[in-house]
Each structure stands twice: as C-alpha cells, then as structure tokens.
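This report covers the fold of one protein and then the packing of a helix pair. The sequence and structure come first.

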Amino acid sequence: MKSDFGKIVRGWVADGWVTLTSGSATDYDYIADDVLKDFENFDVRMFGYDPHNSSQFIINLMKQGISEDKLTPVRQGTTLSGGGKELERLALKNQIFHNGNPVIAWMMSNVKVSKDNKDNYKFTKDGTGGKIDGAISLINAMVLYLELGLIQEDAFQAPYDLNKL
C-alpha cells in the first residue's frame, strides 16, 4: 500500500502539486523562503499559523522583514469551528474552487469532523493515516477571512478561489 501511495505522491510532484525538499526532516528555511515570496507577490493581509512549536519560525520571518502585525496565531481546537462551518457552507453552495488540486482533495477526505455539546466543530484525522495539514491550513485561512470580514454573504458571488486565500 505504501508503494502505491508513493506512486501517487510522485505523480503529484510531476504535476507540480507537491514540492520535494532534500533530507528526511521538514526544511523550515525552504518554507520560510516560500512564505517570503508570497508576501512579495501577493497582498498578504494576515499570515495565520498554529502557535504550537512555531516560535522560532515566526521569529525568523520577522527577522526577514515580515511585520509582526501580519503574523496571526490561530489556536487549534474550537477556534477553528467557525472557519470550518464557513468552509462547509461555501462548499455546499459550490463556492469553493481548488483548481482540481488532488492534494487538498485527498487531505479534505482524511478529515473527521465531530461536534461538542455546544455545536463546535473539532477536526481530527479519520484514522486512515492520511494527512490533514492542508485542510487545517485552509480552515485557518477561513478563520482569518472571517476575522477580516472578507466573506461575502451573497449566494450569487463568484466562487472563492483557494489559490488566492
């Protein structure tokens, strides 16, 4: 089964959906370079991040010139509930466009949603061993979008393009 998944990932790499880096550990310098490029090429209003174990990464971004007021911690847990509900609402109205991205589609399929007694959504892996990092990043983006008041309530608005979040 792993070799089948490896074949899928190699396909994603060949198609440009995944970038491989050298080594067996996460290359945070490479990720920081990508973030800096995004700040240069797009109108980034907020950069949401999970504050757990990210302090050095965020310090490095600030040393590279990213303003602290653009770096916004998004705590995991019930904080994500509103963003997840908004994502669900937009998806049910066919207002999410992901350009056929098979990686985000796969990660979304791995998310298990449960509710607490206050109807808050909680997001976990579905138990198949699949990754959900991209799905949680998308929900983080929706949390910030809501915070900035950028969600449009009109049902006839054009779809939200995930390539622009």
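## Contacts and overall fold

Of the contacts (heavy atoms within 4.5 Å) in the protein with a separation of 6 or more, 64% are between residues 24 or more positions apart. The model is predicted: local features need pLDDT of at least 70 and side-chain atom pairs pLDDT 80 or more, while totals for chains, interfaces and linings use all residues. Residues are numbered from 1 along each chain as its sequence is written, and side-chain values use heavy atoms, with hydrogens and water left out.

The protein has six helices and six strands (DSSP runs, H or I of at least four residues for helices and E of at least two for strands, numbered from the N terminus). Their order from the N terminus is α-α-β-α-β-α-β-α-β-β-α-β.

## Surface and burial

The accessible surface is about 11000 Å², and carbon and sulfur atoms contribute 51% of this (Shrake-Rupley method, 1.4 Å probe). Of the 165 residues, 28% are buried, meaning under 20% relative accessible area with a 1.4 Å probe, protein chains only.

## Helix α5

Helix α5 spans residues 102–109, and its buried residues are Val-103, Ile-104 and Met-107. These residues lie on the same side of α5 because they cover an arc of only 95° around the axis, taken from the directions from the helix axis to the C-beta atoms.

## Packing of α5 and α6

The axes of α5 and α6 (residues 133–148) are 7 Å apart, at an angle of about 90°. The two helices are therefore roughly perpendicular (65 to 115 degrees). Ile-104, Met-107 and Met-108 of α5 make the contact with Asp-133, Gly-134, Ala-135 and Leu-138 of α6.

How values were computed:
Buried means under 20% relative accessible area, exposed over 50%, partly exposed in between (1.4 Å probe, protein chains only). Axes are lines fitted to C-alpha atoms, for helices over the stretch in contact, and angles run from 0 to 180 degrees between N-to-C directions. Angles under 35 degrees count as roughly parallel, over 145 as roughly antiparallel, 65 to 115 as roughly perpendicular and the rest as oblique.
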